[in-house]
Amino acid sequence: MSEPTTEQVLKPSALSVSDKVSIVNALMAQDRIEIREKQEAVFRLTYYVVPGFIGIAAFFVGNPPFRDILVLAQSLLLLLYVIAFFTFRMWLMQARAYLQIRESFYKNQSLLNSEPFKPIRKIKEIDRETRFEDTALWFPFGITVVCAVVLITYMFLYKA
């Protein structure tokens, strides 16, 4: 039995085009799942924060002496919500950029024949140009922020 030489061990095995297509398809499927999960996370964030806003405002109605603390709590919860929303949006934009990278292999099929084959690479500015808008995410965000501001204003101006 002959042992492999160092050149044979270090030489990368060449992937066929069908193997590369399978890899790109699997990565695209994972990217799409990640995008859906990020979008769902934004909606879940809204579902969790809204009861907090209402709970703080309801507690305030029964306890006006704690007005300053409750207004501060409501404001901090709103700030946390806004920061988390924009963080999720940033993650969503990155996931979409990665999907754009994978889709580039179908738009420019010469990439499937290139060596080295790199379906995973750093994001470039061109990858961030997306054809999708997140209008579905902005609507609940806007409504939630407006409602929180109205509750904070009510709590701040309320005189018992």
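**A close look at the aromatic rings**

Reply: Let's start with phenylalanine 60, which is buried at a relative accessible area of 0%. Keep in mind that this is a predicted model. The partner to look for is tyrosine 154: the two rings make an edge-to-face pair, with 6.3 Å centre to centre and 85 degrees between the planes. That pair ties together distant parts of the chain, since phenylalanine 60 belongs to helix H2 (residues 17-62) and tyrosine 154 to helix H4 (residues 135-157), 94 residues apart. Tyrosine 154 itself has a relative accessible area of 40%, so it counts as partly exposed. The cut-off for buried is under 20%, and phenylalanine 60, at 0%, is therefore on the buried side.

Now step along to phenylalanine 59. Its ring pairs with that of phenylalanine 66, and this one is stacked: 6.4 Å centre to centre, with 20 degrees between the planes. Phenylalanine 59 comes out as partly exposed because its relative accessibility is 42%. Phenylalanine 66 is partly exposed too, at 42% relative accessibility.

There's also a charge in the picture. Arginine 67 has its charged end over the ring of phenylalanine 156, 5.3 Å from the ring's centre.

Notes. Residues numbered from 1 in each chain as written. Predicted model: local features only at pLDDT ≥ 70, side-chain atom pairs only at ≥ 80, totals over all residues. Heavy atoms only, no water. Phe/Tyr/Trp six-rings, centres within 6.5 Å; stacked < 30°, edge-to-face > 60°. Buried < 20%, exposed > 50% of the residue type's maximum accessible area, 1.4 Å probe, protein only. Helix = DSSP H or I, 4+ residues; strand = E, 2+ residues; numbered from the N terminus. Lys NZ or Arg CZ within 6 Å of the ring centre and 35° of its normal.
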